[in-house]
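Trainee: Could we go through this one together? I'd like to see where the labels come from.

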Amino acid sequence: MTDATQSGPMLAADGTPLKKSLARSLRRRKLRALALVAPLLLFVMLSFVIPIVSMLLRSVENSIVAETLPLTVVELKNWDAEGGELPDEALYAAFTKDMVAAVEAKTHTRLGTRLNYEQTGMSSMFRKSGRKIKRLDPESDAPFKEKLIEIHDGWGDVETWRTIKTHAVPITNGYFLNAVDMRRTPEGAQAQPEDKQILIKLFGRTLFMSLIITGSCILLAYPVSYLLATLPMRVSNLLMILVLLPFWTSLLVRTSAWKVMLQQQGVINETLVWLGLVADDARLVIINNQFGTIIAMTHILLPFMILPMYSVMQTIPPSYTRAAKSMGATNWTTFWRIYFPQSIPGIGAGSILVFILAIGYYITPEIVGGTKGVFISNRIAYHISSSLNWGLAAALGTILLAVVLLLYWCYDKIVGIDNVKLG
Amino acid sequence: MSNDAAFVEFQRVQKSYDGEVLVVKDLNLSMPKGEFLTMLGPSGSGKTTCLMMLAGFETATHGEIMLDGKPINNIPPHKRGIGMVFQNYALFPHMTVAENLSFPLEVRKMGKEQREEKVKRALDMVQMGAFGSRRPAQLSGGQQQRIALARALVFEPELVLMDEPLGALDKQLREHMQFEITRLAHELGITTVYVTHDQTEALTMSDRVAVFDDGRIQQLAPPDLLYEEPENSFVAQFIGENNTLEGVVKSIDGDSCVVVLDDGSEIDAKPVNVHNAGDRTKVSIRPERVEFNKDRLHADAHTLKATVKEFIYMGDVFRFRLSVAGNDDFIIKTRNAPDAVRLRPGEEVEIGWLAHDCRALDA
């Protein structure tokens, strides 16, 4: 009866609003749950989220030019890069002042390295000029224009100043343009010269080979999973151990084993030659190319396909196939119309897993891929550890992440993530 | 057992899964066209195995199964043309109800119009005409059951097998579906083999019931005979409520015998499968056939002293638990009639029965 007369929110027995009262009683439980996850949350934040975010930020972060050459950057704003004329004395003076400070702080070589990504020769120009510029006094030695050109004729080249001006912005799309075989120029984004266009091709190859690997995993895993799901528990558990065996072996060992198997003096070639199927001087080239990568990675990723497939197939009751057969369906019709549609979530889950793992795979292509069988991740690793162009590496990584998320989203739209069962 | 009218026939069928234990031992069974036969038995008694052999999902280790006079041991399941209803219905979850029903017709290469007509008729038959476009998951258990039934019948098989189809339903729905299934089976004149472990289901639905235990048919009889004239103590125990007393046959005189119970008291019984004086026996008597009103018994009938242990009020009947000849679980039932006597716990009564209601069976 009181409910009918009451117009406000529901009240608890002591008169406080019910919602508030409920929240208070739940707060303790929430705090406890938070306390339980806090250590892991902290660990993941520190060791995973923060490094990844900071790495991804490097793909656009470009403060080095503005920080090393602050006065020059201000002067460059007044210079018309399109005019084809060299900048005036004021800019050279500002630049000298900046450089003297930079040489003092030893940051000029880093700037040289950064600009070298955009225009080769910049690195050595900064290093060589640095020593001589140090001797100039920014107060008394004016004018600087001729002196600088004398130190290195690169300072008399309009291109040099155009490059510095183009990359003086603190947030740049330059790395992303590089990652898709383009470059940032004063005239806007432009395609890289033909001989430098390799990354798009590499992205395409990575996607294509990952698809092939996923496809061959599906073909190999489907019958095995079916067998595992239909055999009696005792036998299937034993076979499952065999499937899982590779997990207990080091990835490096497995990949090296493929190297032993596939190389020209390897097990397969020797056997074929011994059998007389292949001439000794025409041994098959099945490693250090795409074929080698596909074989080795299919083998390594196969369990990731089998496990989700198996767990889905296990849940398909045998009464479905029996029902279909009792209704007059042949074995093939039963499989194709009844069993297969119900196993699709397993194929989907396995494919997503394998594809995402494959697209970012690094070690195996590195070892068995040669030059033609490497993935985009190998290029990322190269930029991280050899060329030290972390910005480009971060841009490539970001694109890879975006591609994966996009595919994931497409899959969710088409198949539905809810249908995916991993175990 | 074989005769020309037999539609389904098991001839000396044996089945073993592991080569050591026989799950079905020497099964002989013959059923005419149109019969509703139930295979009843505890789990592991071999009844489902028999059904699966008939459907073709298991092969007989020995013996012959005949369908309409032809041996079917080597015919694959999809060519047998037998409709089947499964325990969990086995409705295909990725198809709508109509697609489920249409499936057996499609694999028979039936034209689209004909299919639609038959599907519609089958759905109407189970009063589910409005549900054709639903998915099985959107239906209740009872509705799924109806669809499973319609799907097994839609291609007009002459033989339909049902494997505990009502096991997952609640009591009320189960009773309703029992009625529906028997009605349909009789209306359509289909031969039905029904497997269940629920004896009420078996008794109410079937023309004949085959009671399975330990891989053998213990008794094959119409429900009333099965209940009233069990041929051995397993059947007596398994079907309905039953009181058992153990003893030794003292004398046999044609249609009646005297049994000395283990505590020394004597009772009258009908010898069923005891043959000689001195045989050990288990006598079986139904709770509703026990009489404690001495006037209704023969003057010379043997009676037993009993102590009332418990009175249980069940509405339509009274149920008493007595202690008789060392058996503390002796049950008697009386109808809740206006003149019914309510015995009180602790009361001493004398009970007896007509000799032919008490069956002396194997020990």
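**Labels and what backs them**

Mentor: Let's start where the chains meet: 15 residues of chain A and 19 residues of chain B take part in the contact. This is a predicted model, where local features need pLDDT of at least 70 and side-chain atom pairs count only at pLDDT 80 or more, while totals for chains, interfaces and linings use all residues. Residues are numbered from 1 along each chain as its sequence is written, with chains lettered from A and ligands numbered from 1 in the order in which they are written.

Trainee: What makes two residues count as in contact?

Mentor: Their C-beta atoms, placed from the backbone, have to lie within 7 Å. On the side of chain A that touches chain B, α16 (318-326) and α17 (331-359) of chain A each bring at least two residues. α16(A) gives the most, with six residues.

Trainee: And why are those called helices?

Mentor: Because they are DSSP runs of H or I with at least four residues, numbered from the N terminus; a strand is a run of E with at least two. Counted that way, chain B has eight helices and 19 strands.

Trainee: What makes β3 and β9 of chain B a pair?

Mentor: Strands pair if DSSP finds at least two bridges between them. β3 (residues 36-40) and β9 (residues 208-213) of chain B have four bridges, in the parallel sense, so they pass. In that pairing, T38(B) sits opposite V209(B) of β9(B).

Trainee: Which sheet are they in?

Mentor: An open one of six strands in chain B, ordered β6-β7-β8-β3-β9-β10, with mixed pairing.

Trainee: Why do β6 and β10 of chain B stand at the edges?

Mentor: β6 (82-85) and β10 (216-221) of chain B each have a single partner strand, so one side of each has no neighbour in the sheet. Helix α4 (residues 141-153) of chain B packs on this sheet, touching β6 and β7 (159-163) of chain B, and its direction makes about 175° with that of β6(B). The angle is taken between N-to-C directions on a scale from 0 to 180 degrees, using lines fitted to C-alpha atoms, for helices over the stretch in contact.
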